[in-house]
Amino acid sequence: QVQLVESGGGLVQPGGSLRLSCAASGIRFSIHAMGWYRQAPGKQRELVAAITSAGSTNYADSVKGRFTISRDDAKNTVYLQMNSLKPEDTAVYYCNACWLFNYWGQGTQVTVSS
């Protein structure tokens, strides 16, 4: 059974930082591309950042220079370091694993507010 379990969300003030984690089980983690998506109320889910099995990364323009995605294949975990957070970063953040199939986590809420 495939499981992606996100953690690390919460309430943070503008300008603050959070680190999201996604622990995967039931898949060969090292061969999967991993990604972080987010969905704000009333908006479509969008890609935030992705990392290939080889370690190549790409980011949404809105988070470049502020967010960093990384992976630890030994721990079957992908991370999203989020710095300089803005109110518009408020959303539910979802972890995604992609190879032959797409798998999704249950999401973690990130709220940026003073």
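Residues are numbered from 1 along each chain as its sequence is written. In this predicted model, local features need pLDDT of at least 70, side-chain atom pairs count only at pLDDT 80 or more, and totals for chains, interfaces and linings use all residues, while side-chain values use heavy atoms, with hydrogens and water left out.

**Exercise 1. The sheet**

Task: Find the order of the strands in the open sheet of four strands.

Solution: 
- Start with the terms. Strands are DSSP runs (E, at least two residues), numbered from the N terminus. Two of them pair if DSSP finds at least two bridges between them.
- Read off the order: β1-β3-β8-β7, with antiparallel pairing.
- Locate the edges. They are β1 (3-7) and β7 (67-72), and each pairs on one side only.
- Now look inside. β3 (residues 18-25) and β8 (residues 77-82) pair over six bridges. For Arg19, the bridge partner in β8 is Gln81.

**Exercise 2. The disulfide**

Task: Work out which cysteines form the one disulfide, and state its handedness.

Solution: 
- Apply the cut-off: a disulfide is a pair of cysteine sulfur atoms within 2.5 Å.
- Cys22 and Cys95 qualify, with S to S at 2.1 Å.
- Cys22 is in strand β3 and Cys95 is in strand β9, 73 residues apart.
- Check Cys98. This residue is in no disulfide; the nearest cysteine sulfur, that of Cys95, is 12 Å away.
- Take the torsion about the S-S bond of Cys22 and Cys95. It is about -80°, so the disulfide is left-handed.

**Exercise 3. Buried or exposed?**

Task: Classify Cys22, Cys95, Cys98 and Asp61.

Solution: 
- Cys22 has 0%, so Cys22 is buried. Cys95 also has 0% and is buried.
- Cys98 has 31%, so Cys98 is partly exposed.
- Asp61 has 67%, so Asp61 is exposed.

**Exercise 4. The salt bridges**

Task: Trace the salt bridges made by Asp89 to Arg38 and to Arg66.

Solution: 
- Set the rule: a side-chain nitrogen of Lys or Arg lies within 4 Å of a carboxyl oxygen of Asp or Glu. The count comes to five.
- Arg38 meets Asp89 at 3.0 Å, N to O. Arg38 is in strand β4 (residues 33-39), and Asp89 is in the loop between β8 and β9 (91-98), 51 residues apart.
- Arg66 meets Asp89 at 2.8 Å, N to O. This pair is 23 residues apart. Both Arg66 and Asp89 are buried.
- Join the pieces. Shared partners put Arg38, Glu46, Arg66 and Asp89 into one network.

Terms used. Buried means under 20% relative accessible area, exposed over 50%, partly exposed in between (1.4 Å probe, protein chains only).
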